[in-house]
Amino acid sequence: MTTQQPSAPPRHASGRSGSGLRHVSEAHRERFTVVGNHLAQHQDLSLTAIGLATHIQSLPAGSRIGIKALAQRFPEGEMRIAAALRELEAHGYLARVKERLPSGRIVTRTVSYNKPPTPEAPRERDPDPDPVPADAPADLLLGLRASDPRLLLSERDVRRLVPGVAAWLARGVPPDAVRGALTNGLPEGVIRHPAALLAHRLTALLPPPLPDRRPAPPPDPFQTCDGCDRAFRAADPGRCRDCRAYAAA
């Protein structure tokens, strides 16, 4: 008697057998949206954010995608939708740009990216200027006699004049310019008190400090209110002042 063998399990189109996901794919001819795996399989986005991004990418230009409009369409509620929109902004899938209309009213224009733009490479900072060495003022004073032998200084005189030279260098004056201010146009003949002459020049000719060119701190960015979709400035997302006051009342 021949023993019957159980039939082998069917093999999938992929050539593999066993449990797991199986795709049945048909080509779309109309009404479809292409979504990249960088979004569909994003490691840091929540499912709500991924689904919301897919929905937004499927909408025609000009559609309303404010928090309240989306909350009327989906059951997640305003808080979860607002959080998902912030996720998409943080990862480059959405950009909400504030524009001022001719009437003066500020509106929000939302830009949807089916693939986040590549961030610009960070600009290299200009290297900070080398700090003035501690012995630079003294070296400058000791070298004056090479320019004019009459400017021979004692060790005590050098110690007294060092703070004055350091003040010039601290204000960004190059050493050669300091040396020129101290040696150009000296009186003729014997200089009986070279240290006093140099001290006078260091004080009387001291240039003003450079203006502070550091940029002013930027204002807080525009946020979209989680309650009313109005634009307001704040360091962190949330609700505008009116909505906070209403909630407190």
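## Basis

The model is predicted: local features need pLDDT of at least 70, side-chain atom pairs count only at pLDDT 80 or more, and totals for chains, interfaces and linings use all residues. Residues are numbered from 1 along each chain as its sequence is written, and side-chain values use heavy atoms, leaving out hydrogens and water.

## Helices α7 and α9

Helix α7 spans residues 155-170 and helix α9 residues 194-204. Helices are DSSP runs of H or I with at least four residues; strands are E runs of at least two, and numbering starts at the N terminus. The two pack at about 20°, axes 10 Å apart. Therefore α7 is roughly parallel to α9 (angle under 35 degrees). Axes are lines fitted to C-alpha atoms over the stretch in contact, with angles from 0 to 180 degrees between N-to-C directions.

From α7, the contact uses D157, L161, G164, V165 and W168; from α9, A195, L198, A199, R201 and L202. Contact means heavy atoms within 4.5 Å.

Strands β1 (residues 94-100) and β2 (residues 106-112) pair antiparallel over 7 bridges. Pairing requires at least two DSSP bridges. L94 has S112 of β2 as its bridge partner. The hairpin has 5 residues between the strands, and G104 takes a positive phi near 95°.

## T224

T224 sits in strand β3 (residues 222-224). Beyond neighbours within four places in sequence, T224 contacts R96, K98, T108, D229, R230, F232 and G238.

Conventions:
Parallel < 35°, antiparallel > 145°, perpendicular 65-115°, else oblique.
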